[in-house]
Amino acid sequence: MIKRIAILGSTGSIGTQALAVIQQHSDAFAVSVLTAQSNADLLVEQAIKFHPTHVVIGDEAKYAFVKNALSGTDIQVLVGAEALEEVVCYEHVDVVLTALVGYAGLLPTVKAIKAGKPIALANKETLVVAGALIMPLAREMGVPILPVDSEHSAIFQCLMGESHNPIEKVILTASGGPFRGKKRGDLEQVTRAQALKHPNWTMGAKITIDSASLMNKGLEVIEAAWLFDVHASQIDVVVHPQSIVHSLVQFEDGSIKAQLGLPDMKLPIQFALGYPNRMQADFPRFDFKDYASLTFEQPDVETFRNLGLAFQALEKGGNMPCILNAANEVAVDAFLKDQIGFLQMSDLLATCMDQGTFLSSPSLEDYINTDKTTRIMAQEWVSKLKH
Ligand code: NAD
Ligand code: MG
């Protein structure tokens with residue numbers, strides 16, 4: 001049986017690597033849907049190569065171009081955010097890979113779960129915003145949420161065969177990003193170009209900035225809490241600059257299991273798409289002889305405040321992680337546009353968490369409203385700063 005995959009965000013870093021995996025395993029996988037926000041050229045190129053039945057272009061201004069470019073094919077072209085909620089439900093979609101970035105992943109993921117589609121989840125923001133809603137819904141529908149994030153894939157792999165054994169702790173590894181070892185004074189003036197230079201991974205702009213600020217690890221802490229049903233106190237973060245140990249699980253007897261490999265997202269992508277089977281791959285192998293040492297150190301939460309803010313948001317619960325996420329999306333965008341400095345991103349997050357309206361048991365509508373109002377608040381903060 002060939003698995004037919006809908007890729008939301010096919011033109012991004014995860015999306016393009018997923019297509020490379022699918023191409024390598026064309027006997028096992030096919031593409032049913034491809035979607036992109038604005039990179040119309042690449043979307044068209046991918047559609048011609050992989051023959052989905054449908055493509056979605058988010059940006060309305062690009063619709064005519066995509067429609068015209070695919071007019072000689074039988075591929076249907078749809079447009080806009082709402083089309084994402086529609087395409088994930090099609091009968092010929094066997095798995096939905098959420099490789100789009102940010103809050104935009106939430107509603108299509110909810111729809112896909114309601115339609116009973118297994119989710120290969122790269123879009124961590126969805127679980128950060130509304131894990132309390134997503135996980136019970138997935139359980140109710142009997143839908144697996146298969147992590148693509150390398151740390152969570154590692155934990156997921158460590159937990160195979162351990163379903164009856166309680167987790168004592170999960171330990172997430174972090175590369176530390178390009179500013180590891182720097183102090184606050186060093187970070188005041190860092191530029192967008194410096195922050196975009198990740199030492200070990202090539203990724204989209206948003207997650208690369210999140211990695212530089214340790215926000216990515218903060219989001220992953222919240223993602224892990226929901227995926228593996230653990231409390232904030234059961235999650236540790238350790239900085240491991242070589243990015244070889246992808247994460248670890250500690251059990252009640254003190255035993256720790258880890259998953260290792262070279263940093264290559266194709267491995268966790270392939271594992272999620274192929275689950276429960278491992279599939280042959282010719283990815284370069286890790287060799288201990290190439291590494292004199294694997295090192296581990298404590299994260300510097302004084303300098304990288306976002307990690308602490310994420311733990312606070314997780315402990316507070318309710319819509320606080322949604323506030324954190326919305327503020328962060330505005331903060332990263334403003335930093336990428338040179339409107340605010342690197343350290344001011346944390347100030348903005350803390351302000352929104354402090355001033356946002358807290359709701360202890362939000363509904364889906366509450367999450368949607370929280371996202372909206374937090375973005376307005378954050379945008380105003382950025383605007384005031386500019387004048
Ligand atoms: P990216 O910026 O490279 O790609 C994002 C994709 O989403 C693009 O195809 C883009 O067209 C689409 N998109 C952007 N905004 C959209 C919107 N508003 N609506 C619909 N589609 C939109 O991002 P990426 O690095 O591939 O990351 C994607 C997701 O995977 C993120 O949630 C990220 O945290 C997660 N992730 C990425 C990596 C990685 O190595 N890149 C690793 C782990 C997790
Ligand atoms: Mg990760």
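Predicted model: local features only at pLDDT ≥ 70, side-chain atom pairs only at ≥ 80, totals over all residues.
Residues are numbered from 1 along each chain as its sequence is written, chains are lettered from A and ligands numbered from 1 in the order in which they are written, and side-chain values use heavy atoms, with hydrogens and water left out.

The chain has 16 helices and 11 strands. Along the principal axes, the C-alpha atoms of the chain fill a box of roughly 55 × 55 × 40 Å. A compact globule of 387 residues would have a radius of gyration near 21 Å, and the 20 Å of the chain agrees with this; the radius is taken over C-alpha atoms, and the globule rule is 2.2 Å times the number of residues to the power 0.38. Of the 387 residues in the chain, 55% are buried, a term that means under 20% relative accessible area, with exposed meaning over 50% and partly exposed in between (1.4 Å probe, protein chains only). Among the contacts in the chain with a separation of 6 or more, 68% are between residues 24 or more positions apart, where contact means heavy atoms within 4.5 Å.

One open sheet consists of 7 strands in the order β4-β3-β2-β1-β5-β6-β7, with parallel pairing; two strands pair if DSSP finds at least two bridges between them. The edges are formed by β4 (76–79) and β7 (145–147), each of which has a single partner strand, so one side of each is left without a neighbour in the sheet. On average, neighbouring strands of this sheet are turned by 25° against each other, direction ignored. Such angles are based on axes, which are lines fitted to C-alpha atoms, for helices over the stretch in contact, and they run from 0 to 180 degrees between N-to-C directions.

Within this sheet, strand β1 (residues 3–8) pairs with strand β5 (residues 95–98) in the parallel sense over 4 bridges, and leucine 8 has threonine 98 in β5 as its bridge partner. Helix α1 (residues 13–24) packs on the sheet, where it touches β1, β2 (29–36) and β5, and its direction makes about 165° with that of β2. Strand β2 is mostly covered, 7 of its 8 residues being buried.

Strand β2 is joined in parallel to strand β3 (residues 54–57) by 4 bridges, and the bridge partner of threonine 35 in β3 is valine 56. From β2 the chain crosses through helix α2 (residues 40–50) to β3, and this β-α-β crossover is right-handed.

A further open sheet has 4 strands in the order β9-β8-β10-β11, and its pairing is mixed. At its edges stand β9 (235–239) and β11 (256–260), each with a single partner strand, so one side of each is left without a neighbour in the sheet. Strand β8 runs parallel to β9, to which 5 bridges join it, and antiparallel to β10, again over 5 bridges. Leucine 172 stands opposite serine 247 in β10. Strand β8 is largely enclosed by the rest of the structure, because 6 of its 8 residues are buried. Helix α11 lies across β8 (167–174) and β9, at about 150° to β8.

Aspartate 149 lies in the loop between β7 and α7 (150–158) and glutamate 220 in helix α11 (residues 215–228), so the pair ties together parts that are 71 residues apart in sequence. Aspartate 149 and glutamate 220 are both buried.

Notes. Helix = DSSP H or I, 4+ residues; strand = E, 2+ residues; numbered from the N terminus. Right-handed = clockwise from strand over helix to strand, strands pointing away.
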